[in-house]
Amino acid sequence: MSHGSELVSEVQKHWLLHEARRLVEFATGSVDPYGSIGWLDDQGGRQEGKPLQIYIGCRMTHVFSIGEALWPNHFRSHLEAGLSAIDSVFADPVHGGWFHSDDGQPAAYPKTAYDHAFVTLAAASAAARGITAGDRLLHRALHMLDEHFWDETQGLVREAFSRDWKLSEPYRGANSNMHAVEAFLAAADVTGDHTWRARALRIVDHIVNGWARPNNWRIVEHFDENWQPLLDYNIGDAAHPFRPYGATVGHGMEWARLCLQLQAATPGAESDWLVESATALYARAKADGWARDGADGFVYTVDWDGCPVVHERMHWVVAEATAAAAALHRVTGEHAYAEDFHNWWNYIRSYLLDRRHGSWHHELSRTNQPSRTVWCGKPDVYHALQACLLPQLPLRPSIALSVTPSLLG
């Protein structure tokens, strides 16, 4: 049963939509005159010397698709520039697929599941707008995921490959699988192919039931090539932006939301455990992460006993927390989730919104001052934009299809 209509008032909806428009406008600065999409600095300009990275281009393309859905004919050129950049800047014309970066691909494993999941998400969002190039890109991206990354035996995606696809990185990660779930749900909604929804369910079953449930509901992030947990992985690089040591609090929130979206897409007794799991993942992430060191805000990571490791507050973590709270309130109707939702949005307004230069501060210190320990600049409005919109949308279909001008009233 849906209870979400009580979560935000009409005034709050208006404010959230205004903030969404402000974020999309900020994102337009990432597109240069030649059509590439780059990393934004603190003031909203292209950060010099920063290599182009495909996941940023894909996230911004997804953002422009949402912007175009809400405000038709305002962001179409940016959306088309994003689609063009994915294929002109990052595509491998020899072996297929897409490179992580445009810096000459020096990495041993330049083709990652994480990046290909975001290509899929961007393409699905564009296809939902009726853009032919998005539809073609979506089918190519799904082919690459199916042919190279999906492991049918394990029911999970492999992490990364060499350019010629002959070598697979001997590492497996929950993060890339999490974004594969997001991409698979969007692809299933846009294409009508239920194969992708079934695969998303298999991934969530493994990550949540196989590893998080027996680990006191903390998401195990890192594994070897045989899917054996590596609990001390990167203990010497604890603040890594993608592979930090320990449990990443924000991922607990993100998995909780995805569980509820998946349950909405696959109703029935076989998926009833998803609501229970979402509730437990959320409770664990909140207990581990919120105001653990004397100040409001979510710490970035904790160890396996729940003690904070990296105290910096990432903007995306509280964004995901608000989205998870909204989803749980919609499903359960419990007032405590509404209280969390409003409490965390008050925190966002107090500390994260940059009213001078635009967007949100991406990282704060443990005293809630702007910091640059893990992230520099403001490259990503994807999490913040979705935090503005998801509380006003159904859990299914995915955001690619559910955002329409009718949301503006």
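Trainee: Is the crossing of α9 and α11 left-handed or right-handed?
Mentor: This is a predicted model. In it, α9 covers residues 273-289 and α11 covers residues 335-352. The crossing of these two helices, α9 and α11, is left-handed.

Trainee: Are α9 and α11 roughly parallel or oblique?
Mentor: The two helices pack at an angle of about 45°, and their axes lie 13 Å apart. Angles under 35 degrees would count as roughly parallel, and 65 to 115 as roughly perpendicular. The angle therefore makes α9 oblique to α11.

Trainee: How many residues of the contact of α9 with α11 are charged?
Mentor: On the α9 side the contact is made by T279, Y282 and K286, and on the α11 side by Y337, D340 and W344. By class, 3 of the contact residues are nonpolar and 1 is polar, while the number charged is 2.

Trainee: Which element gives the most to the lining of the largest pocket?
Mentor: The largest pocket holds about 630 Å³ of space. Its lining has 33 residues, and those closest to the centre are H100, T112, D115, F242 and R243. Two elements give two or more residues to this lining, α4 (113-128) and α6 (174-191). The one that gives the most, with 3 residues, is α6.

Trainee: How many residues in the lining of the second largest pocket are polar?
Mentor: The second largest pocket has a volume of about 170 Å³. It is lined by 14 residues, with D42, H361, P370, S371 and K378 closest to its centre. The lining includes 3 nonpolar and 5 charged residues, and the polar ones number 6.

Key
Residues are numbered from 1 along each chain as its sequence is written. This is a predicted model: local features need pLDDT of at least 70, side-chain atom pairs count only at pLDDT 80 or more; totals for chains, interfaces and linings use all residues. Side-chain values use heavy atoms; hydrogens and water are left out. Axes are lines fitted to C-alpha atoms, for helices over the stretch in contact, and angles run from 0 to 180 degrees between N-to-C directions. Helices (H or I, at least four residues) and strands (E, at least two) are DSSP runs, numbered from the N terminus. Angles under 35 degrees count as roughly parallel, over 145 as roughly antiparallel, 65 to 115 as roughly perpendicular and the rest as oblique. A crossing is left-handed if the near helix is turned anticlockwise from the far one by less than a right angle, and right-handed if clockwise. Contact means heavy atoms within 4.5 Å. Ala, Val, Leu, Ile, Met, Phe, Trp, Tyr, Cys and Pro count as nonpolar, Asp, Glu, Lys and Arg as charged, and the others, Gly among them, as polar. On a 1 Å grid over the protein atoms alone, a cavity is a set of points where a 1.4 Å probe fits but cannot get out, and a pocket is an open set with protein on both sides within 12 Å along at least five of seven lines; lining residues have an atom within 4 Å of a point. Grid points are joined across faces, edges and corners, and a volume is the space filled by probe spheres set on the points.
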